[in-house]
Amino acid sequence: MSRQPWSVARSRRHRHAVLFTTALALPALALTACGTDSAAPGTPAGTGRPSGSPAGPGTSEGTSGGTSGAPGTSASAPRATTPSAPRTSGSGGTAAKTVRTAVYFLHGEYVSPAPRSVTAPATATAAVRALLAGPSGYEARHGRTTAVPSGTRLRSLVIRDHVATVDLSGRYDDGGGSLSMSARLAQVVFTVTRFPTVHKVAFEIDGKPVRAFGGEGIVLNGPVGRADFENVSPAVLVESPLIGDAVRTPVRVWGSANTFEAVFRLKVTDAGGRTAADVQVRATSGTGTRGTFDVTFPYKATRTGPGLLKAYFLSPKDGRPVTVDTVPLTVNR
């Protein structure tokens with residue numbers, strides 16, 4: 001098969017315009033190196049974004065450590081006013097800081113965050129290794145998958161001037177079509193840019209800069225960011241709460257969205273399958289331009305247990321609800 005250049009900077013502006021003009025339904029859409037860091041259901045949701053230690057230009061994150069920025073602020077998500085505090089661990093001496101962040105798997109064809117705890121200072125390095133380890137059993141049972149080939153190793157990660165250079169083993173670009181290649185690039189980009197000191201990512205394979213990625217020849221003319229992957233970003237990307245989190249009323253939900261007229265809805269279903277809340281949300285922009293949202297609203301659950309947060313919009317044609325994504329949660333009364 002001949003190699004065809006394919007730009008990751010493809011915009012979804014035209015796709016959204018066609019979507020809502022014709023009222024077509026939008027398609028619904030880890031662990032450390034030792035494999036001990038997995039997401040479990042019932043993890044309390046943080047009051048804000050994860051926090052960590054800021055990194056200056058030239059920071060190196062590799063197997064020997066280093067410093068990364070605090071997870072949280074990105075170009076596609078609102079800044080938290082009350083970040084969750086890092087936890088400490090260890091006995092005696094200097095305690096290691098444990099930081100809650102997220103790694104990005106796939107739900108259907110779109111990126112979907114999952115919680116992980118990493119240890120400072122090499123938080124971005126640990127997050128990428130957690131991503132490469134794949135979804136936990138709980139996440140897999142709820143439809144989370146990965147496009148990253150099994151056996152991919154992180155060789156190094158260096159942060160300089162808000163760009164993270166991620167060097168991965170040759171297994172990373174093996175197999176798959178253009179969607180798979182784009183998705184696995186996006187998984188790394190979204191995971192690393194969860195940290196506010198990282199705006200874009202440059203890729204290397206076995207120490208060599210990547211200019212054309214994989215057999216499909218995806219062109220990487222330079223560092224790429226989240227905006228370059230609208231094709232694998234859901235219309236509503238919920239950044240918090242995360243899959244498996246435990247929530248209480250009122251619940252805070254934040255993330256980014258690219259929907260018709262920036263409007264969509266969030267629905268909370270309780271353990272009895274009853275609607276606990278169903279609210280309209282307006283992002284800062286939409287209809288081809290991704291905006292952010294950050295809302296807090298009350299819900300009324302009949303009982304505590306496994307529930308669901310659903311993001312959806314109403315079809316402009318017939319008012320039919322069109323599900324964008326779902327986030328399994330523990331919903332407390």
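The model is predicted, so local features are taken at pLDDT of at least 70 and side-chain atom pairs only at pLDDT 80 or more, while totals for chains, interfaces and linings use all residues. Residues are numbered from 1 along each chain as its sequence is written, and side-chain values use heavy atoms, with hydrogens and water left out.

Let us start with helix H4, residues 178–192. Helices (H or I, at least four residues) and strands (E, at least two) are DSSP runs, numbered from the N terminus. H4 has 15 residues and spans 22 Å from its first C-alpha to its last, close to the 21 Å expected at 1.5 Å a residue; the expected span is 1.5 Å times one less than the number of residues. The helix is mostly covered, with 12 of its 15 residues buried. Here buried means under 20% relative accessible area, exposed over 50%, and partly exposed in between, with a 1.4 Å probe and protein chains only. Among the buried residues of H4 are Met181, Leu185, Val188 and Phe190.

Strand E9 (residues 163–168) runs parallel to strand E10 (residues 200–205), and 6 bridges join them; two strands pair if DSSP finds at least two bridges between them. Within this pairing, Thr165 stands opposite Ala202 in E10. The chain passes from E9 through H4 to E10 in a right-handed β-α-β crossover. Right-handed means that, with the strands pointing away from the viewer, the path from the first strand over the helix to the second runs clockwise.

E10 also has a partner in strand E11 (residues 208–209), paired in the antiparallel sense over 2 bridges. Glu204 stands opposite Pro209 in E11. The hairpin of E10 and E11 has 2 residues between the strands, and Asp206 takes a positive phi near 50° there.

What about the interior? The largest nonpolar core has 73 residues, and Val166, Tyr172, Val192, Phe203, Phe213, Leu266 and Phe293 touch the most other members. H4 gives the largest share of this core, 8 residues. Such a core is a set of buried Ala, Val, Leu, Ile, Met, Phe, Trp, Tyr and Cys residues joined through side-chain atoms within 4.5 Å. Leaving aside neighbours within four places in sequence, Val166 is in contact (heavy atoms within 4.5 Å) with residues including Val188, Val192, Val201 and Phe203.

The whole structure holds 4 aromatic pairs; rings of Phe, Tyr and Trp (its six-membered ring) pair if their centres lie within 6.5 Å, with planes under 30 degrees apart counted as stacked, over 60 as edge-to-face and the rest as tilted. One of the pairs, Tyr104 with Phe190, is tilted, at 5.6 Å centre to centre and 55° between the planes. Tyr104 lies in strand E5 (residues 96–107) and Phe190 in helix H4, so this pair ties together parts that are 86 residues apart in sequence. Both Tyr104 and Phe190 are buried. Tyr172 and Phe203 form a stacked pair, at 6.1 Å and 15°. Because Tyr172 lies in the loop between E9 and H4 and Phe203 in strand E10, the pair ties together parts 31 residues apart in sequence. Tyr172, Phe203 and Phe213 form one aromatic cluster.

Finally, turn to Thr296 in strand E19 (residues 291–297). Thr296 counts as exposed because its relative accessibility is 52%. Not counting residues up to four places away in sequence, Thr296 touches Pro250, Val251 and Arg252.
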